[in-house]
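This report covers a metal site and a pocket. The sequence and model come first.

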Amino acid sequence: MVKYHVEQVTDKKFVVDNIYCNMCGKPIKKMKDRIGNPMFADYLRVNKTWGYFSNKDCRTDEFHLCEDCYDKLIKQFKIPVSQSNDYDFENKKYDKSGVKDNE
Ligand SMILES: [Zn+2]
């Protein structure tokens, strides 16, 4: 047998109000998912902890980029970003250059 009572519990939690693009400074757009829950438009989040033998010895850097700034950034690359599409099952193991991904 279990005896119980009802207890009101309130937890504190961190709620993200805004995410800002480090490049343009604009907030990442807010949207709603399919069932109406608030969400952010897709963005790039980079969180990098540098290794012992780098010049940043164990420092962790983090930044966020909106999709527009991501596009501007990768246009500057001499070697294009490898691309694949999780929904493209036929080409899943290959990027558009035909180079096989590491698995
Ligand atoms: Zn931006």
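## Pocket

A pocket here is an open set of grid points with protein on both sides within 12 Å along at least five of seven lines. The model is predicted. Its largest pocket has a volume of about 280 Å³.

The lining of this pocket includes Lys26, Pro27, Ile28 and Lys29. Ala41 and Asp42 also line the pocket. So do Cys66, Glu67, Asp68, Cys69 and Lys72, along with Cys24. Helix H1 gives the largest share of the lining, with four residues. By class, the lining has six nonpolar and six charged residues, and no polar ones.

## Zinc site

Which atoms coordinate the zinc ion? The donors are the SG atoms of Cys21, Cys24, Cys66 and Cys69, at 2.3 to 2.4 Å. Angles among the four donor atoms run from 104 to 118°, and the site is tetrahedral. Ideal angles for four tetrahedral donors are 109.5 degrees.

Along the chain, the zinc donors follow the spacing C-x2-C-x41-C-x2-C. Cys24 lies in the segment before strand E1 (30-32), while Cys69 sits in helix H1 (residues 67-75), so the pair ties together parts that are 45 residues apart in sequence.

Are Cys24 and Cys69 buried or exposed? Cys24 is partly exposed, with a relative accessible area of 33%. Cys69 is buried, with a relative accessible area of 2%. The cut-off for buried is under 20%.

## Where the topics meet

Cys24, Cys66 and Cys69 coordinate the zinc ion, and these residues are among those that line the largest pocket.

Notes. Residues numbered from 1 in each chain as written. Predicted model: local features only at pLDDT ≥ 70, side-chain atom pairs only at ≥ 80, totals over all residues. Heavy atoms only, no water. Donors = N, O, S within 2.8 Å, 3.2 Å for Na, K, Ca; no water. Tetrahedral: all angles 85-135°; square planar, octahedral: opposite > 155°, others 65-115°. Helix = DSSP H or I, 4+ residues; strand = E, 2+ residues; numbered from the N terminus. Buried < 20%, exposed > 50% of the residue type's maximum accessible area, 1.4 Å probe, protein only. 1 Å grid on protein atoms, 1.4 Å probe; cavity = no way out; pocket = protein on both sides within 12 Å on 5 of 7 lines; lining within 4 Å. Points joined across faces, edges and corners; volume = space filled by probe spheres on them. Nonpolar A, V, L, I, M, F, W, Y, C, P; charged D, E, K, R; others polar.
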